[in-house]
Each structure stands twice: as C-alpha cells, then as structure tokens.
Amino acid sequence: MRRKMTITHDAVRPVLGRTYGRMITVEFRKKTGEMRRLNGRLGVHGFTKGGHRAVNEPYVVMWEAPKPQEGAVEGRSRYRNVNLNTVSRIIADGIELEVI
C-alpha cells in the first residue's frame, strides 16, 4: 500500500528534481482542460539535438514510457511538456503526493 501525502504547488519542482532519472507518474491538466496521466522520467537526453531546453517556466520536459499496446515507437516522439502549475498528483518511490 502506498503512503499518501499532501504538498503545495511550490513543492512540485523540488519533488520532481529528487526523482531525476527514476520512473514516476504525474497527473496534470492539459491546455485543453483534459486530465492526463503520464508515466515517465526526467533527465532523459536520447534523441535530443542542441544543448538548450526548448521550454521555459513553468514547464518541465518528461520522457514518456511506451505503453505496451503501442508497440515500437520512435524515441524522439516520446518527450512531453508538463505544466507544473497544473500538476494534481505525483506518484514516486511508493509515495502518492496530492498537490493542493
């Protein structure tokens, strides 16, 4: 059973920073208003070009793990932008963090 905790939006970036490279689940609201669940990692650099980020605050780039039903998908199409201001839940290291 997972431990459950509550955090504020100010704590989202530091929490994600501590998970760097490990698999996590993030639930957030997309620009369209739809809720989205993303399973992936921060800090993946494969298939990137250049040396600078293409997004600014409050976004963070995550690599999305392929879903089994998708089969083989090119790695460069797996990067997603997540708006940290719309994150509602983070699941990492056996802890479920509800963002208020």
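## Contacts, strand order and a pocket

Setting aside residues up to four places away in sequence, Glu96 touches Arg2, Arg3, Lys4, Met5, Arg89, Ile90 and Ile91. Glu96 lies in strand 7. The residue counts as buried because its relative accessibility is 12%, under the 20% cut-off. Thr25 is 71 residues away from Glu96 in sequence, yet the two C-alpha atoms are 9.2 Å apart in space. All of this is read from a predicted model.

**Overall fold**

The secondary structure comes to one helix and seven strands. Along the sequence, the pattern reads β-α-β-β-β-β-β-β. The protein has 100 residues, and 34% of them count as buried. Take the contacts between residues at least 6 apart in sequence: 56% of them join residues at least 24 apart.

In what order do the seven strands of the open sheet lie? The order is 1-7-6-2-3-4-5, with mixed pairing. Strand 1 and strand 5 (79–83) are the edge strands, and each pairs on one side only. From one strand to the next, the twist averages 30°. Strands of a sheet pair through backbone hydrogen bonds, in a parallel or an antiparallel sense.

Strand 2 (residues 24–29) and strand 6 (residues 87–92) are antiparallel and share four bridges. Here Glu27 has Arg89 of strand 6 as its bridge partner. Strand 3 (residues 35–41) and strand 4 (residues 59–64) are also paired in the antiparallel sense, over two bridges. Arg41 stands opposite Trp63 of strand 4. Strand 4 and strand 5 run antiparallel too, joined by five bridges. Val61 has its bridge partner in strand 5, namely Asn81.

Met35 lies in strand 3. Is Met35 buried, exposed or partly exposed? With a relative accessible area of 40%, Met35 is partly exposed, because that value falls between the 20% and 50% cut-offs. Beyond its neighbours within four places in sequence, Met35 is in contact with Phe28, Arg29 and Ser88.

Arg36 is found in strand 3 as well. Which residues does Arg36 touch, not counting those up to four places away in sequence? They are Val26, Glu27, Phe28, Lys30, Glu64 and Arg80. In a regular strand, side chains alternate between the two faces of the sheet.

| Residue pair | Separation in sequence | C-alpha to C-alpha distance |
|---|---|---|
| Asn56 and Asn83 | 27 residues | 9.9 Å |
| Glu96 and Thr25 | 71 residues | 9.2 Å |

**Two loop residues**

Asn56 sits in the loop between strand 3 and strand 4. Why does Asn56 count as exposed? Its relative accessible area is 59%, and exposed means over 50%.

Asp93 is placed in the loop between strand 6 and strand 7. Asp93 is exposed too, because its relative accessible area of 51% is over the 50% cut-off. What is the phi of Asp93? The angle is positive, about 55°, although Asp93 is not a glycine. Most residues other than glycine have a negative phi.

**The second largest pocket**

Asp93 also belongs to the lining of the second largest pocket. That pocket has a volume of about 170 Å³. Which residues line it? Alongside Asp93 they are Met5, Ile7, Val15, Arg18, Thr19, Arg22, Ala92, Ile95 and Leu97. Strand 1 (3–7), helix 1 (12–18) and strand 7 (95–99) each supply at least two residues of this lining. By class, six lining residues are nonpolar, one is polar and three are charged.

Met5 links this lining to the opening residue: Met5 lines the second largest pocket, and Met5 is also among the residues touched by Glu96.

Notes. Residues are numbered from 1 along each chain as its sequence is written. This is a predicted model: local features need pLDDT of at least 70, side-chain atom pairs count only at pLDDT 80 or more; totals for chains, interfaces and linings use all residues. Side-chain values use heavy atoms; hydrogens and water are left out. On a 1 Å grid over the protein atoms alone, a cavity is a set of points where a 1.4 Å probe fits but cannot get out, and a pocket is an open set with protein on both sides within 12 Å along at least five of seven lines; lining residues have an atom within 4 Å of a point. Grid points are joined across faces, edges and corners, and a volume is the space filled by probe spheres set on the points. Ala, Val, Leu, Ile, Met, Phe, Trp, Tyr, Cys and Pro count as nonpolar, Asp, Glu, Lys and Arg as charged, and the others, Gly among them, as polar. Two strands pair if DSSP finds at least two bridges between them. Axes are lines fitted to C-alpha atoms, for helices over the stretch in contact, and angles run from 0 to 180 degrees between N-to-C directions. Buried means under 20% relative accessible area, exposed over 50%, partly exposed in between (1.4 Å probe, protein chains only). Contact means heavy atoms within 4.5 Å.
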